[in-house]
Amino acid sequence: MSKHPRVGVGVLIFRGDKVLVGKRLGSHGSGTFALPGGHLEFGESWEDCAQREVLEETGLHLKSVCFETAVNTVFGADSHYVTIFMRGVVAQDAEPQVLEPDKCVGWEWAPWQSIPQPVFMPLQLLLNSAYDPFKGAQ
Ligand code: 8DG
Ligand code: MG
Ligand code: MG
């Protein structure tokens, strides 16, 4: 059987200079800090996937969502993802809940420049890239 890359969607939610991350549990990358997100479903838009995954995992509603960038993540011989990074905006005082405690230890707001290690590979690739989430900000 031939192998194919899958599509993962990671969602960047900022509060000032901090981004929402959670420590993964159970599946690959367990123990690493990652953005909320998941698999793009067949026929689903990137925007809908971002809203759905964030709601399922944190209970947060995205008021708006837009595409930021993408990375190519080869986890190993059997796992290859194209990661689409979307950026979402939530209400100012909204706080995430741990709605999938089997998959995430807890959510925290981490400074973009010092996200706790180890970082989930797709997010580490983004941190290593030229992407600047604050470009254009005042
Ligand atoms: P699902 O099967 O319910 O759709 O997804 P999930 O249960 O939320 O799984 P997940 O592991 O959080 O996400 C599925 C895959 O998406 C993950 O194994 C690898 C890929 N993925 C990326 N980038 C990112 C990211 O930044 N965050 C998350 N959570 N997953 C990502 O390629
Ligand atoms: Mg999910
Ligand atoms: Mg997930």
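Biologist: What share of the contacts in the protein with a separation of 6 or more joins residues 24 or more positions apart?

Modeller: In this predicted model, such pairs account for 68% of those contacts; two residues are in contact if their C-beta atoms, placed from the backbone, lie within 7 Å. Local features need pLDDT of at least 70 and side-chain atom pairs pLDDT 80 or more, whereas totals for chains, interfaces and linings use all residues. Residues are numbered from 1 along each chain as its sequence is written, while chains are lettered from A and ligands numbered from 1 in the order in which they are written.

Biologist: How do you know whether the radius of gyration agrees with that of a compact globule?

Modeller: The rule, applied to C-alpha atoms, is 2.2 Å times the number of residues to the power 0.38. For 138 residues it gives a value near 14 Å, and the protein has 14 Å, so the two agree. The C-alpha trace spans about 50 × 30 × 30 Å along its principal axes.

Biologist: Which elements does the protein have, and why are they called helices and strands?

Modeller: They are so called because they are DSSP runs, H or I over at least four residues for helices and E over at least two for strands, numbered from the N terminus. The protein has two helices and seven strands, in the order β-β-β-β-α-β-β-β-α.

Biologist: How do you know whether the span of helix H1 agrees with its length?

Modeller: The expected span is 1.5 Å times one less than the number of residues. For the 13 residues of H1 (residues 46-58) this should be 18 Å, and the end C-alpha atoms are 18 Å apart, which agrees. Gly 59, with a positive phi near 80 degrees, follows H1.

Biologist: Which residues of H1 are called buried, and why?

Modeller: They are Cys 49, Ala 50, Gln 51, Glu 53, Val 54, Glu 57 and Thr 58, called buried because 20 or more other C-beta atoms lie within 10 Å of their own. Across the protein, 32% of the 138 residues are buried. Among the elements covering the buried residues of H1 are S1 and S4.

Biologist: What makes a set of residues a nonpolar core, and how many are in the largest?

Modeller: It consists of buried Ala, Val, Leu, Ile, Met, Phe, Trp, Tyr and Cys residues joined through C-beta atoms within 7 Å. The largest has 29 residues, with Val 9, Val 11, Val 21, Ala 50 and Met 86 having the most contacts inside it. Strand S1 gives the largest share, four residues. Beyond four places in sequence, Ala 50 is in contact with residues including Val 9, Val 11 and Met 86.

Conventions: Buried ≥ 20, exposed ≤ 12 C-beta atoms within 10 Å, placed from the backbone.
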